[in-house]
Amino acid sequence: MASIDLLTPHLSKIKIPAPGQLIYKDECVYSFDNPESETGLYVSLVSFLGFGRNYVEQYFQKTGNAVFLHIHREKIPVPEPEQTGDGPEKKITRLAIGVEGGFDPTCNKPKFTYTDHYNVVVLPGFHTFPWPDPTLPEQVKKSVQAVIDAESPFKIAEMNALAGTWDGEAREVSVHAVSLKQLDNGVKIPPSGWKCAKCELTTNLWLNLTDGAVLCGRRFFDGSGGNEHAVEHYRETGYPLAVKLGTITAEGKGDVFSYAEDDMVEDPYLADHLKHFGINVQQLQKTDKSMVELELELNQRTGEWNTLQESGSSLQPLHGPSLTGLSNLGNSCYINSVLQVIFRMPDFVRRFVEGAPEIFASFPDDPVNDFNVQTAKLGVGLVSGRYSQPGDTDGTQPGVACHMFRNLVGKDHPEFQSKRQQDAHEFYLHLLTLLQRNSRHKPNPADCLQFMVEERIRCGASGAVRYTSRPEHHLPLPVPLAQATNQQQVREYEARRAAAEAANQRLDPSTVVRPHIPFSACLDSFMREETVEQFFSSAVNQKVTAYKTTRLSTFPDYLLIQLKKFTIKEDWTPAKLDVEVDMPWEMDLSCLRGRGLQPGEAALPDAAPDAPPPAYDEGLLAQLLDMGFPLEACKRALYYTNNSGMEAASNWLMEHMTDWDFANKFEPPGAPVPAAATANLDESSVEQIVNMGFTRSQAAKALSATAGDVGRAVDWIFSRAAELDAWDPPLPAAVAAPPQPQARDGPEKYKLVAFISHMGTSTMVGHYVCHILHEGRWVIFNDNKVALSENPPKDLGYLYLYERL
């Protein structure tokens with residue numbers, strides 16, 4: 001046993017955690033080692049950071065912090081209970097993963113019991129004091145006990161995320177519930193034998209809570225459901241609330257839909273409203289599927305879920321380097337899929353895996369909130385194979401859980417910090433923004449994805465042209481439904497489905513016929529010439545009709561293609577196109593190559609220096625304001641769409657609603673940068689931006705323009721990247737900044753190396769998986785299930801990664 005005297009020199013540094021202090025006792029901040037690992041976890045009694053055996057000595061040498069609480073967790077298997085037959089199958093009742101009633105990738109069965117063993121350890125030498133030990137100094141005892149008693153920061157983050165989560169059942173109280181009008185028309189609803197008052201349907205029936213009308217519900221996207229008589233009744237009467245018969249429980253709960261609010265809602269007075277029609281809820285039992293259950297059944301009935309997960313195949317589990325699964329942290333499948341694909345590119349491996357030793361060697365004071373540290377930790381965890389061990393026979397492996405990375409990248413982002421399902425493409429763009437912020441004076445691995453888009457505008461009056469370019473990191477391709485090659489088969493299928501619906505039957509899901517779209521049709525749709533109305537032509541000094549074409553002036557090492565399957569319907573609700581696109585295994589995109597100004601083309605002259613400020617179509621502006629958008633956002637939309645119409649402007653607004661400066665005062669591009677008001681700036685905010693590689697002058701100007709908000713200030717700087725050097729005096733030639741690297745370019749031939757697929761009816765629900773070409777074989781990554789893919793469903797994907805041949 002070590003002598004207590006070893007602790008004496010360190011007592012002045014040992015701290016007792018303050019209330020609210022986060023104590024990282026679940027996992028190493030530099031690796032995925034944890035208390036269950038063979039060597040356990042070491043928690044500093046000074047910084048309260050956790051370290052695996054590989055990093056604790058380096059941390060001690062860097063900081064001099066020598067005293068740690070060592071935690072080792074013993075995992076003991078629980079014997080399986082004896083069971084006869086197959087046993088009951090757990091029923092899924094919620095559109096969520098990792099919550100009660102939802103998809104549970106761990107099956108939620110207690111397979112192990114856990115016992116934690118504690119020791120106080122002093123470095124160097126790893127001198128050990130068993131815990132508890134009454135002879136330990138009081139300061140040490142209080143610090144250790146506080147660490148043991150502290151709530152896990154992962155659990156705290158989980159609860160904070162769940163506080164704002166919609167998991168398929170959380171609903172707002174309807175504004176119509178409190179003062180709902182109910183007619184004294186003598187209607188009494190029988191306990192059974194319901195039928196739609198306007199057709200023969202006896203399923204999917206809704207009771208209007210104002211007049212007691214029993215009518216069928218809406219038609220689902222696959223043709224099943226109802227004949228929409230309930231919603232027609234609302235349009236005729238304006239009676240707002242209806243409850244789905246068969247979903248009412250003895251607790252006075254049920255599926256209530258507000259037609260006026262166009263959403264599922266909560267009616268806290270449902271029992272009283274039903275009593276008006278002679279219904280005693282205490283005698284009721286739920287007999288029909290809730291809308292959540294129907295959504296789940298509908299998703300699985302289409303066959304998309306089984307196809308994308310290759311559920312019908314006996315998949316061979318895989319493990320090893322670059323075959324590490326990622327645990328689902330509750331609707332984190334969109335993050336998992338993007339991360340698996342990102343770390344297939346050598347640039348990301350070089351920066352964050354091969355460069356990890358250098359990143360870790362800096363030992364920053366707050367590694368948990370250091371983007372480079374946490375991304376390197378994740379990259380090493382995925383690529384090294386250290387955490388990819390054989391698991392269950394279905395391919396499930398322990399893998400890694402990216403708690404720290406997810407909490408960091410979701411910080412200050414209302415969507416990605418929640419546990420709601422999100423769009424994988426939007427997360428990809430968010431990740432690119434974080435990479436750019438954290439790559440000042442460092443190689444940005446996203447450069448391998450960057451290409452230059454060339455836009456050519458032709459003046460319809462003079463024929464003169466203007467070429468502009470902008471960087472992009474993905475190629476969005478439209479999905480033209482009208483170009484489907486099997487339109488006759490689709491029509492025949494729709495007719496069969498309508499006939500089955502009329503007979504109150506359902507078609508076999510294996511017979512579903514989706515529109516089949518050739519990839520060439522998507523390319524043609526992207527390349528077609530667009531008409532731009534109200535374009536100000538500097539050649540004729542007036543507004544004209546112009547024509548725009550889009551090409552690529554450079555081609556990246558890796559090209560990410562997004563199929564625009566997710567759209568906004570006329571009622572502004574998200575929808576997904578259920579189609580198959582014939583994506584090629586290999587392709588030649590030389591048809592997309594832009595060539596710049598061609599012989600015989602006349603360039604549009606530059607606008608006069610004293611050109612008037614941009615004009616906004618007053619009619620369009622008024623319509624956008626009536627829709628509830630902020631004035632400055634409307635100006636932005638009209639400016640960037642050249643007043644070309646409501647559809648273009650409203651689409652622009654929907655795409656940019658999450659921009660930090662969405663409602664800020666609009667300054668057209670090229671407007672003078674305001675002088676920095678350096679007074680009253682928070683010095684710590686200035687230092688935070690300076691530490692990212694910017695100058696004090698740039699930090700001061702950005703903070704002044706964004707009311708001192710550091711996150712917005714960084715975005716403000718990057719949105720003006722071309723103007724950065726103009727804000728500071730020129731450097732001497734000897735220390736001048738090197739020129740910015742140009743976008744990479746090369747041949748236009750590519751091969752498919754990965755794709756991400758989404759199953760479900762919109763980005764807000766469902767599940768993501770990805771397929772990756774690994775050492776010549778396709779592998780499916782379904783969270784922490786990793787297996788050899790037998791039938792990669794490339795025609796049903798959403799995001800596709802192509803590598804230059």
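I am working from a predicted model, where local features need pLDDT of at least 70, side-chain atom pairs count only at pLDDT 80 or more, and totals for chains, interfaces and linings use all residues. Residues are numbered from 1 along each chain as its sequence is written, and side-chain values use heavy atoms, with hydrogens and water left out.

**Cysteines.** I looked for disulfides (a pair of cysteine sulfur atoms within 2.5 Å) and found 0. I then checked burial (buried is under 20% relative accessible area, exposed over 50%, partly exposed in between; 1.4 Å probe, protein chains only). C28 is buried because its relative accessibility is 0%. C770 is buried too, at 0% relative accessible area.

**S322.** I placed S322 in the loop between helix 7 (304–309) and helix 8 (333–342). Helices (H or I, at least four residues) and strands (E, at least two) are DSSP runs, numbered from the N terminus. S322 has 18% relative accessibility, so it counts as buried. Leaving aside residues up to four places away in sequence, S322 touches R344, L382, V383, H774 and F781; contact means heavy atoms within 4.5 Å.

I traced an open antiparallel sheet of 5 strands, ordered 7-6-8-9-10. Its edges are strand 7 (214–216) and strand 10 (263–265), each pairing on one side only. Pairing takes at least two DSSP bridges between two strands. Neighbouring strands are turned by 40° against each other on average, direction ignored. Strand 6 (205–208) and strand 8 (241–244) run antiparallel, joined by 3 bridges. N208 stands opposite A242 in strand 8. Helix 4 (229–237) lies across strands 6 and 7, at about 120° to strand 7. Axes are lines fitted to C-alpha atoms, for helices over the stretch in contact, and angles run from 0 to 180 degrees between N-to-C directions.
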